[in-house]
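Welcome to a short tour of one protein structure. Please keep the sequence and the 3D view at hand while you read.

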Amino acid sequence: EIYNFIEYLKKNYNLMWLARLGGGWDLVINFLAKDIYEFDKLFMKITDDYSRIIQNYIILTYVNIIDTARGYLTDSKSSKVFFHEMSNNTIKLDEKDKKIIELLGDNARISNIEIGQKVGLTGNAVKYRVTQFVEKKFLLGYRTSINPTKIGSQNFLVFLVINNLKTSDEKTFFSYIKMHKNVTYIVKHIGEFRIGLEIETKSVEELEKIIRELRTKFSDIINDVKIFPVLEEFVINYVP
């Protein structure tokens, strides 16, 4: 029945990420809402429709997200990151803008001319719009999605229970972790788990070594660690 639930979510909600987990949780669901009132309405609809299978849940609100390079693939770590910060600074998108973003999401290598043919604009007009997306920090960059299991790696979702996170501690921690070659995503939340990481490793032993290093280096702020293997990813979409 969980797969029926997954199809229901994909059909009815603006999903950013949807994945099946091991380690005690079944699913992680990231979806967009305009504000807390819309979120509450949407979440109540989900729990009403699937009360028979939803036994427990934890709600986290994103503050920011950092995408980092997969340094373990090349044994080097690029300092280039994509920083998604939640803010009240908004832009308006018309239907052509939305179609451009959709096409780039499906194929980041598509040409401006090809996009223009599909949305009814010239190639130069498309180029101008995309440039505006970049200048307004709406379009942050392009990232390749891979299936790490195909190269013998496993993706783990790691939540950190943090004690008294001060600004100086946060800066030191984030500077360290975003340069770690096995860390691919860093998320700051409001909620029970202050920081979430995605870590890709060749083995559980390698993951345990990374966690031990983190707990030793940041023992003054890390109270506990929760680890969940990511078994299947069904949706990855930054602009649903």
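## Starting at Asp49

Let us begin with Asp49, which is partly exposed, with a relative accessible area of 26%. Please keep in mind throughout that this is a predicted model. The class follows because buried means under 20% and exposed means over 50%, with partly exposed in between. You will find Asp49 in helix α2, which covers residues 36–49.

What does the side chain of Asp49 touch through a polar contact? The partner is the side chain of Tyr8, and the contact is 2.6 Å.

## Aromatic rings

Tyr8 also leads us to the aromatic rings. It belongs to one aromatic cluster together with Phe5, Tyr13, Phe31, Phe39, Phe43, Tyr50 and Tyr57. Over the whole structure, a search finds 18 aromatic pairs. Take Phe31 and Phe39: their ring centres are 5.5 Å apart and their planes meet at 20 degrees, so this pair is stacked. The cut-off behind that word is an angle under 30 degrees.

Are Phe31 and Phe39 buried or exposed, or in between? Phe31 has a relative accessible area of 17%, so it is buried. Phe39 has a relative accessibility of 24% and therefore counts as partly exposed.

Two arginines also sit over aromatic rings. Arg52 lies over the face of Tyr50, at 4.7 Å from the ring centre. Arg143 lies over the face of Tyr185, and here the distance to the ring centre is 4.4 Å.

## Salt bridges across the chain

How many salt bridges does the structure hold? There are 13. One of them brings back Arg52, which pairs with Glu1 through N and O atoms that are 2.5 Å apart at their closest. This pair links distant parts of the chain: Arg52 is in the loop between α2 and β3, Glu1 is in the segment before α1 (2–12), and the two are 51 residues apart. Arg52 has a relative accessible area of 54%, so it is exposed. Glu1, at 49% relative accessibility, counts as partly exposed.

Another salt bridge joins the side chains of Arg70 and Glu200, at 3.0 Å from N to O. Arg70 lies in the loop between β3 and β4, while Glu200 belongs to strand β7 (residues 195–201), so their pairing ties together parts that are 130 residues apart in sequence. Both Arg70 and Glu200 are buried.

A further salt bridge is formed by the side chains of Asp94 and Arg129, again at 3.0 Å from N to O. Asp94 is in the loop between β4 and α3 (95–106) and Arg129 is in helix α5 (residues 123–135), so this bridge ties together parts that are 35 residues apart in sequence. Asp94 counts as partly exposed, at 33% relative accessibility. Through salt bridges with shared partners, Asp94, Asp97 and Arg129 are joined into one network.

Which residues make a nonpolar surface patch of about 230 Å²? They are Leu73, Ile146 and Ile151. Leu73 is placed in the loop between β3 (61–68) and β4 (81–85). Its relative accessibility is 46%, so it counts as partly exposed.

His189 is part of strand β6, which spans residues 183–190. With a relative accessibility of 3%, His189 counts as buried, because that value is under 20%. Where does its side chain reach? The side chain of His189 comes to 2.9 Å from the backbone oxygen of Phe193.

Lys137 is in the loop between α5 and β5 (154–162). Its relative accessible area is 66%, so Lys137 is exposed. Look at its backbone too: phi of Lys137 is near 60 degrees, a positive value in a residue other than glycine.

Conventions. Residues numbered from 1 in each chain as written. Predicted model: local features only at pLDDT ≥ 70, side-chain atom pairs only at ≥ 80, totals over all residues. Heavy atoms only, no water. Helix = DSSP H or I, 4+ residues; strand = E, 2+ residues; numbered from the N terminus. Buried < 20%, exposed > 50% of the residue type's maximum accessible area, 1.4 Å probe, protein only. Polar contact = N/O pair within 3.5 Å; in protein donor to acceptor, adjacent residues only side chain to side chain. Phe/Tyr/Trp six-rings, centres within 6.5 Å; stacked < 30°, edge-to-face > 60°. Lys NZ or Arg CZ within 6 Å of the ring centre and 35° of its normal. Patch = residues over 30% accessible without salt bridge, like charges linked within 9 Å, V, L, I, M, F, W, Y side chains within 5 Å. Areas by Shrake-Rupley, 256 points an atom, 1.4 Å probe, with all protein chains shown as cover. Salt bridge = Lys/Arg side-chain N within 4 Å of Asp/Glu carboxyl O.
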